[in-house]
Amino acid sequence: LANFALRDFPQRWTMFAAEVLATTQNGGLWNNIDGEGVGTKMCLECLAIIIENCTDSDFNSKISTTRRNDVLTGLNEISSNILQPMFSLMAEEYSIVVNTRQTLFQMEDYLAKNGRMKNQ
């Protein structure tokens with residue numbers, strides 16, 4: 001997927017972000033409802049590969065400078081389409097982490113009040 005995007009985006013695959021980051025109900029890959037979030041992980045990995053190939057000096061020889069600049073310009077133009085689902089995902093994940101931490105603190109407090117240690 002990343003290779004297709006590096007080759008065809010933005011000139012030939014103009015709807016890259018809209019198609020890939022669309023929900024699975026709308027024919028895209030973005031899916032964090034199933035608990036696994038496999039489609040979401042695929043989208044994020046694809047974006048990571050694209051960005052790495054365009055910005056990391058170790059990968060700069062894989063694509064031409066002109067092509068790299070085209071892809072980066074295209075990503076910059078659609079950044080609002082990319083960032084919105086990422087921010088939503090991070091907000092959901094952050095709330096899960098906060099709730100988990102609160103539960104752990106409550107469990108430790110309960111153990112302490114009952115004269116037990118958490119490593120027993």
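Predicted model: local features only at pLDDT ≥ 70, side-chain atom pairs only at ≥ 80, totals over all residues.

User: Aromatics, then. How many aromatic pairs does the structure hold?

Analyst: Two. One joins phenylalanine 9 and phenylalanine 16, with ring centres 5.3 Å apart and planes at 55°, so this pair is tilted.

User: Is phenylalanine 9 buried or exposed?

Analyst: Buried, because its relative accessibility is 2% and the cut-off for buried is under 20%. Phenylalanine 16 also has 2% relative accessibility, so it counts as buried.

User: And how do the rings of tryptophan 13 and phenylalanine 16 sit?

Analyst: Their centres are 5.0 Å apart and their planes are at 80°. Planes over 60 degrees apart count as edge-to-face, so that is the label for tryptophan 13 and phenylalanine 16. Both of these residues are buried.

User: Which residues do the ring pairs link into a cluster?

Analyst: Phe9, Trp13 and Phe16.

User: OK, switching to helices. How do H3 and H5 cross?

Analyst: H3 covers residues 38–55 and H5 covers residues 79–113. Their axes come within 12 Å and cross at roughly 130°.

User: Which residues make the contact?

Analyst: From H3, Thr40, Leu44 and Leu47. From H5, Ile82, Met86 and Leu89.

User: How does that split by class?

Analyst: The contact of H3 with H5 has five nonpolar residues, one polar and no charged ones.

User: What about H3 and H4?

Analyst: H4 runs over residues 65–77. The axes of H3 and H4 come within 9 Å and cross at roughly 130°. That angle makes H3 oblique to H4.

User: Left-handed or right-handed?

Analyst: The H3 and H4 crossing is left-handed.

User: Who's touching whom there? Which residues are in the contact?

Analyst: H3 contributes Ile50, Ile51, Asn53, Cys54 and Thr55. H4 contributes Arg68, Val71, Leu72 and Leu75.

User: How many are nonpolar, polar and charged?

Analyst: Six nonpolar, two polar and one charged in the contact of H3 with H4.

User: Last one. Which two numbers describe a pair of packed helices?

Analyst: The angle between their axes and the distance between the axes. For H3 and H4, that is roughly 130° and within 9 Å.

Methods
Residues numbered from 1 in each chain as written. Heavy atoms only, no water. Axes fitted to C-alpha atoms, helices over the stretch in contact; angles between N-to-C directions. Helix = DSSP H or I, 4+ residues; strand = E, 2+ residues; numbered from the N terminus. Contact = heavy atoms within 4.5 Å. Nonpolar A, V, L, I, M, F, W, Y, C, P; charged D, E, K, R; others polar. Phe/Tyr/Trp six-rings, centres within 6.5 Å; stacked < 30°, edge-to-face > 60°. Buried < 20%, exposed > 50% of the residue type's maximum accessible area, 1.4 Å probe, protein only. Parallel < 35°, antiparallel > 145°, perpendicular 65-115°, else oblique. Left-handed = near helix turned anticlockwise from the far one by under 90°.
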